[in-house]
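Load the model in your viewer and keep the selection panel open. The stops below go from the whole chain to single residues.

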Amino acid sequence: MNPPILERDPSDPQKEKKEGVNPVLKLVLELGPLLVFFFANARGPWLVEKFPVLAEFGGPIFVATGLFMAATAIALVVSWLLIRSLPIMPLVSGVVVFIFGALTLYLQDDIFIKMKPTIVNTLFGGVLLGGLFFGRSLLGYVFESAFKLDAEGWRKLTFRWGLFFLFLAIVNEVVWRNFSTDAWVTFKVWGIMPITLLFTFSQMPLILRHSLDDKASGEQKAGGEEKAGK
């Protein structure tokens with residue numbers, strides 16, 4: 001049977017077996033396009049001097065947008081070659097990158113690429129919170145390879161991440177509307193990641209409380225003590 005085009009549902013027993021990706025490589029594939037975007041915006045004139053064809057894009061932000069789209073496409077292709085399926089969230093983000101990036105280049109208006117994080121984060125937040133409304137904790141698509149939680153844990157974590165994505169959307173709107181393009185690019189690459197890491201670490205107490213591994217170990221220990229008492 002051919003593997004599915006999109007990544008498997010977290011409950012599919014074949015997912016862990018066939019779709020495992022080295023965590024470091026996964027991080028590179030997710031952050032690589034952002035780093036390309038930052039570098040191209042910062043060194044736009046130098047890149048145009050070295051590769052005159054890039055001048056067709058326009059100024060540095062437009063060169064960065066074009067290379068960002070290319071790097072995003074490459075990351076998705078590499079993911080496909082490695083696991084023969086496409087990860088849901090990077091795919092959704094990539095589609096928005098291509099749409100808003102194309103509008104940015106065609107209209108020569110950087111507002112569209114600046115709005116991309118707002119659209120993506122609002123979409124992710126809405127999907128996570130909407131999934132909860134229908135009784136589905138969709139965050140498993142992101143973290144199921146790292147954590148094994150009970151149903152209540154996934155519900156709580158999904159709710160918190162849904163609100164966090166909406167928070168990121170609001171922050172992006174505030175930054176791009178009130179600061180320069182260079183400041184926005186810098187914040188997008190070097191500000192969002194630390195904020196996300198801090199939020200992730202702040203969820204560890206909840207994750208530990210609802211970890212199935214910890215509960216299984218506790219049950220085994222309790223069972224062993226009970227047998228020893230007999």
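Helices here are DSSP runs of H or I with at least four residues, numbered from the N terminus. With that numbering, select Gln-108, which sits in the loop between helix 5 and helix 6 (111–133). The model is a predicted one. Gln-108 has a positive phi of about 55° although it is not a glycine. As background, most residues other than glycine have a negative phi. Gln-108 has a relative accessible area of 40%, so it counts as partly exposed.

**Whole chain**

Zoom out and colour by secondary structure. The protein chain holds 12 helices and zero strands. Of its 230 residues, 37% are buried. Colour the surface by element next: the accessible surface comes to about 13,300 Å², and carbon and sulfur atoms hold 68% of it. Among contacts with a separation of 6 or more, 69% are between residues 24 or more positions apart.

**The largest nonpolar core**

Which residues touch the most other members of the largest nonpolar core? Select Phe-37, Ile-61, Phe-68, Trp-184 and Val-185; the core has 19 residues in total. At least two residues of this core come from each of helix 2 (23–42), helix 4 (60–83), helix 5 (88–107), helix 8 (151–178) and helix 9 (181–190). Helix 4 gives the most, with six residues.

Now centre on Ile-61 and show its surroundings. Leaving out residues up to four places away in sequence, Ile-61 touches Phe-37, Asn-41, Asp-110, Thr-181, Trp-184 and Val-185. Another core, of 18 residues, lies apart from the largest one; Val-120, Leu-128, Phe-147 and Trp-154 are among its members. In general terms, nonpolar side chains tend to be buried together in soluble globular proteins.

**Helix 9 and its buried side**

Select helix 9 and show side chains. Its buried residues are Thr-181, Trp-184, Val-185, Lys-188 and Val-189. These residues cover an arc of only 120° around the axis, so they lie on the same side of helix 9.

Helix 9 and helix 10 pack at an angle of about 30°, and their axes are 4 Å apart. On the helix 9 side the contact involves Phe-187, Lys-188, Val-189 and Trp-190, and on the helix 10 side Ile-192, Met-193, Pro-194 and Ile-195. Sorted by class, this contact has seven nonpolar residues, no polar ones and one charged one.

**Trp-190**

Stay in helix 9 and pick Trp-190. Is Trp-190 buried or partly exposed? Trp-190 counts as partly exposed because its relative accessibility is 47%. Apart from residues up to four places away in sequence, Trp-190 touches Leu-35 and Phe-38. Draw a distance from Trp-190 to Leu-35: the two are 155 residues apart in sequence, while their C-alpha atoms are 9.4 Å apart in space.

**Ser-79**

The last stop is Ser-79, in helix 4. Ser-79 counts as buried because its relative accessibility is 11%, and the cut-off for buried is under 20%. What does Ser-79 touch, not counting residues up to four places away in sequence? Select Leu-29, Arg-84, Ser-85 and Pro-87 to see these contacts of Ser-79.

Technical notes. Residues numbered from 1 in each chain as written. Predicted model: local features only at pLDDT ≥ 70, side-chain atom pairs only at ≥ 80, totals over all residues. Heavy atoms only, no water. Buried < 20%, exposed > 50% of the residue type's maximum accessible area, 1.4 Å probe, protein only. Contact = heavy atoms within 4.5 Å. Areas by Shrake-Rupley, 256 points an atom, 1.4 Å probe, with all protein chains shown as cover. Core = buried A, V, L, I, M, F, W, Y, C linked by side-chain atoms within 4.5 Å. Axes fitted to C-alpha atoms, helices over the stretch in contact; angles between N-to-C directions. Nonpolar A, V, L, I, M, F, W, Y, C, P; charged D, E, K, R; others polar. Arc of directions from axis to C-beta.
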